[in-house]
Amino acid sequence: MLEAIAERPPSAAARRAVVRAVDDFARAADAGDAVRQLLAQAARFEQERRLDEAARAYKKLLALKPDHAEALNNLGCLLQAQGKLTEASARFARALALTPQLYEQFAGVVATLAAVLPPLAEAIQRANTAAPR
């Protein structure tokens, strides 16, 4: 039985499925390259103090990969430096939701979020009170 299956050529549908899978893989690889390039470009713009261009690069990256925690955090820092606290807090909140282990490392971010979003400050206080130490 297995020999008969192995001798049969793949159907047209099977060939199309393989082509689609290869195309999907290539698109994913291209998107990954674009994400890495945009992240590097945004960092370079930040170093050069070209903050508006850095923000645009981070936003393009996030359009490709909305759950990129590093880009969300970096964009939050950039927006915070520009005084755009409400927008920064949304980016920080999303980055922290994606990578909650960063919470301990970003006391300043948490303070900004709490200052901009009083309900968040209250929730943090409740969580800290309830959490055993």
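Is Asn 73 buried or exposed? Keep that question in mind while you open the model, which is a predicted one, and begin with the chain as a whole before turning to single residues.

**The whole chain**

Colour the chain by secondary structure, and you will find seven helices and zero strands, so that, read from the N terminus on, the elements run α-α-α-α-α-α-α. Of the 133 residues in the chain, 26% are buried. Among contacts between residues at least 6 apart in sequence, 38% join residues that are at least 24 apart.

**Asn 73**

Now select Asn 73, whose place is in helix α4, and return to the opening question. Asn 73 has a relative accessible area of 11%, and residues under 20% count as buried, so Asn 73 is buried.

**The largest nonpolar core**

Next, select Tyr 58, Leu 61, Leu 62, Leu 75 and Leu 78, which are the residues with the most contacts inside the largest nonpolar core, a group of 25 residues. Two or more residues of this core come from each of the elements α2 (12-47), α3 (51-64), α4 (69-81), α5 (85-98) and α6 (107-116), and α3 gives the most, with seven residues.

Stay with Leu 75 for a moment and show what lies around this residue. Leaving aside residues up to four places away in sequence, Leu 75 touches Ala 55, Tyr 58, Lys 59, Leu 62 and Arg 91.

The phi angle of Arg 49 is near 65°, which is a positive value in a residue other than glycine. Most residues other than glycine have a negative phi. With a relative accessibility of 60%, Arg 49 counts as exposed.

Continue to Arg 56, which is found in helix α3 and which, at a relative accessible area of 49%, is partly exposed. If you also select Phe 45, eleven residues from Arg 56 along the chain, you can check that the C-alpha atoms of these two residues are separated by 9.9 Å.

Select Thr 99 in the loop between α5 and α6. Is this residue, Thr 99, buried or exposed? Thr 99 counts as buried, with a relative accessibility of 17%. Display the side chain of Thr 99 together with the backbone of Ala 95, and you will see that a polar atom of that side chain lies 2.8 Å from the backbone oxygen of Ala 95.

**Where α6 meets α7**

For the last stop, select α6 together with helix α7, which covers residues 118-130. Two packed helices are described by the angle between their axes and the distance between the axes. Here the angle is about 125° and the axes are 5 Å apart, and the two helices α6 and α7 are therefore oblique to each other.

Which residues of α6 and α7 meet? On the α6 side, select Val 110, Leu 113, Ala 114, Ala 115 and Val 116, and on the α7 side, select Pro 118, Leu 120, Ala 121 and Ile 124. The residues of this contact between α6 and α7 divide into nine nonpolar, no polar and no charged, which you can check by colouring the selection by residue type.

Conventions: Residues numbered from 1 in each chain as written. Predicted model: local features only at pLDDT ≥ 70, side-chain atom pairs only at ≥ 80, totals over all residues. Heavy atoms only, no water. Core = buried A, V, L, I, M, F, W, Y, C linked by side-chain atoms within 4.5 Å. Buried < 20%, exposed > 50% of the residue type's maximum accessible area, 1.4 Å probe, protein only. Helix = DSSP H or I, 4+ residues; strand = E, 2+ residues; numbered from the N terminus. Contact = heavy atoms within 4.5 Å. Axes fitted to C-alpha atoms, helices over the stretch in contact; angles between N-to-C directions. Parallel < 35°, antiparallel > 145°, perpendicular 65-115°, else oblique. Nonpolar A, V, L, I, M, F, W, Y, C, P; charged D, E, K, R; others polar. Polar contact = N/O pair within 3.5 Å; in protein donor to acceptor, adjacent residues only side chain to side chain.
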